[in-house]
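Me: I have a chain open here and would like to go through it with you. Let me put it up, and then I'll start with a ring.

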Amino acid sequence: MGNYMSLSKTKYNGSGPSLSEEELLAEYQQRLNGWSTYKTELFPLLNYYKLEGVQTNKYPIFYVQTSKATALETQINENSRKIKLISGNLPGVAELSYVKRGLVQEIYSTNEIEGVKTNKVELGTVAGEVLNSKRSGLKTKRLESTFVLYHDAIQGRIIKIHSLKDFRTIYDQILHGEINEDDLPNGNLFRNKKVFIGTDDGAIIRHRPPVNEKLINDQLLPLISFMNRDGILPATKAVISHFMFENTHPFVDGNGRMGRYLLSAYLSLKYDMFTGLSISQSIYSNRDRYYNLFKEAGDANNMADLTMFVEGMLKIIRDGQEDVILNLQELEDSLEESDEYLSTNLDNYFEKTGYDEQDKSRMHSIMYVILQSQLFSGGIGDTITLKELSDHLKESLQMPVSQTQKLVRLLEKDEIITKVKKRPIQYRINEAFLTKY
């Protein structure tokens, strides 16, 4: 097929004369009705960027299943398999710490894209409480509700969208306490007033979404049918749904964060949790490309051909996965290397002490668990607490809680570990025990 180009670029491609309107329409019809084309019943609002405020919704979204898109879907599947293999071989605390890290990075990144400032350390504390089921249930901490929804999604407990009300249910949970009162939905479920997407001062307007709730409903109902349809490759369906949701912009504020949550939740369900938890980070790293993909897909001159958007978004998903794979491999190697140093340094330390063999073995177990948390949390938020450490060793090694706490005090006294937080109590291993003598 060669290099696939958008219709707007095809019109001016080559050294010869530009395509006439008739020739361009013929190219559009050929693409729309091609054997490798998937045509939807989604009709987005598209912009004639050179004609201020002029829009159309007469074109249905379609995409051509190019060889590049097929290859990207294959790569995404293969990357997910690798992620499952690597993460499945990790010790339990290491995997849990990496999940917490992924949750924090995902929520931090999706907020950064919107210019909403958050603190990673505070986010890490909330993530730890959610993962350990210590949340109050009252959602009193900032973004606690957001973490709960993301955590449920990576566990496969997503809110399935079968009605317009389901969108609102998700919105209320994912953005609990994050939306100014003046920007809350003023319609039955969605906004019922005009908004625009562009600079805050209105100097640049990139898109004018549907102007009232009735038109929003008309856009979202076909989207619900599309989201629940079989026979579409999952990543492709996810990114087309993402475009249509953002194009509709059903709320005054929070559409981007909700749209990326829906994308993350679906990728977690269809692939793996770490693919889902890497999407906003990857979008943030490629945000100029992300915005350009939306601008091109929203150009009426491209007649709702989302082929280039699909290819571009699949690349962003793939790139996020590859970052996860590289990071997990590096952490896995670091854990093995650090544990070797830890074992050697502990042996040298034990030669000078009177600890018996059982205490030595238990001390190493304690430090190996702390090491997993220390490495895989990546310095984001809290490491494993003393209570979590004690509970884990009681469950995995039947080590009495009192014995764990006694040995932890000895390790702290001998400056092998350092207390970094008092409430709750947390420790880190001193660097001298993680480096070569």
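Me: What lies over the face of Tyr4?
Reply: Arg31 does, at 4.4 Å from the ring centre. Keep in mind that this is a predicted model.

Me: And which charged end sits over the ring of Tyr284?
Reply: That of Arg287, 4.1 Å from the centre of the Tyr284 ring.

Me: Staying with rings, how many aromatic pairs are there?
Reply: The count is 18 aromatic pairs. One aromatic cluster is made up of Phe243, Tyr290, Tyr291, Phe294 and Phe309.

Me: Let me step back to the whole chain. How many helices and strands does it have?
Reply: There are 17 helices and eight strands. The C-alpha atoms fill a box of roughly 90 × 50 × 40 Å along the principal axes. Of the 437 residues, 51% are buried.

Me: Now the open spaces. What is the volume of the largest pocket?
Reply: About 930 Å³. Its lining has 29 residues, and those nearest the centre are Glu114, Ile197, Gly198, Arg206 and His249.

Me: Which elements supply at least two residues of that lining?
Reply: Strand E5 (197-198), strand E6 (205-207), helix H9 (234-248), helix H10 (255-270) and H13 each do. By class, the lining of the largest pocket divides into 11 nonpolar, 10 polar and eight charged residues.

Me: What about the second largest pocket, what volume does it have?
Reply: About 550 Å³. It is lined by 24 residues, with Leu96, Gly128, Asn132, Ile384 and Glu388 closest to its centre. H4, helix H5 (120-131) and helix H16 (386-397) are the elements that give two or more residues to this lining. The lining of the second largest pocket splits into five nonpolar, 11 polar and eight charged residues.

Me: Which residues line the largest cavity?
Reply: Ile107, Thr110, Asn111, Leu143, Thr146, Tyr150, Ile174, Leu175, Glu178 and Arg257. Helix H4 (92-113) and helix H6 (144-154) are the elements that give two or more residues to this lining.

Me: Which element gives the most to the lining of the largest cavity?
Reply: H4, with three residues. By class, five residues of the lining of the largest cavity are nonpolar, three are polar and two are charged.

Me: And what volume does the second largest cavity have?
Reply: About 30 Å³. Ser6, Glu296, Ala297, Asn302, Asp305, Met308 and Phe309 line the second largest cavity. Helix H13 (287-297) and helix H14 (307-350) are the elements that give two or more residues to its lining.

Me: Last topic, backbone angles. Which residues does a cis peptide bond join?
Reply: Arg423 and Pro424, with omega about -10°. Pro424 is in the loop between strand E7 (417-422) and strand E8 (425-429).

Me: Why is that worth a look?
Reply: Because most peptide bonds are trans, and most residues other than glycine have a negative phi.

Me: What is phi of Met303?
Reply: Near 55°, a positive value in a residue other than glycine. Met303 lies in the loop between H13 and H14 and is buried, with a relative accessible area of 8%.

Me: And Gln398, where is it found?
Reply: In the loop between H16 and helix H17 (401-413). Gln398 has a positive phi of about 55° although it is not a glycine. With a relative accessible area of 58%, Gln398 is exposed.

Definitions and conventions:
Residues are numbered from 1 along each chain as its sequence is written. This is a predicted model: local features need pLDDT of at least 70, side-chain atom pairs count only at pLDDT 80 or more; totals for chains, interfaces and linings use all residues. Side-chain values use heavy atoms; hydrogens and water are left out. On a 1 Å grid over the protein atoms alone, a cavity is a set of points where a 1.4 Å probe fits but cannot get out, and a pocket is an open set with protein on both sides within 12 Å along at least five of seven lines; lining residues have an atom within 4 Å of a point. Helices (H or I, at least four residues) and strands (E, at least two) are DSSP runs, numbered from the N terminus. Ala, Val, Leu, Ile, Met, Phe, Trp, Tyr, Cys and Pro count as nonpolar, Asp, Glu, Lys and Arg as charged, and the others, Gly among them, as polar. Grid points are joined across faces, edges and corners, and a volume is the space filled by probe spheres set on the points. Rings of Phe, Tyr and Trp (its six-membered ring) pair if their centres lie within 6.5 Å; planes under 30 degrees apart count as stacked, over 60 as edge-to-face and the rest as tilted. A charge sits over a ring if NZ of Lys or CZ of Arg is within 6 Å of the ring centre and within 35 degrees of the ring normal. Buried means under 20% relative accessible area, exposed over 50%, partly exposed in between (1.4 Å probe, protein chains only).
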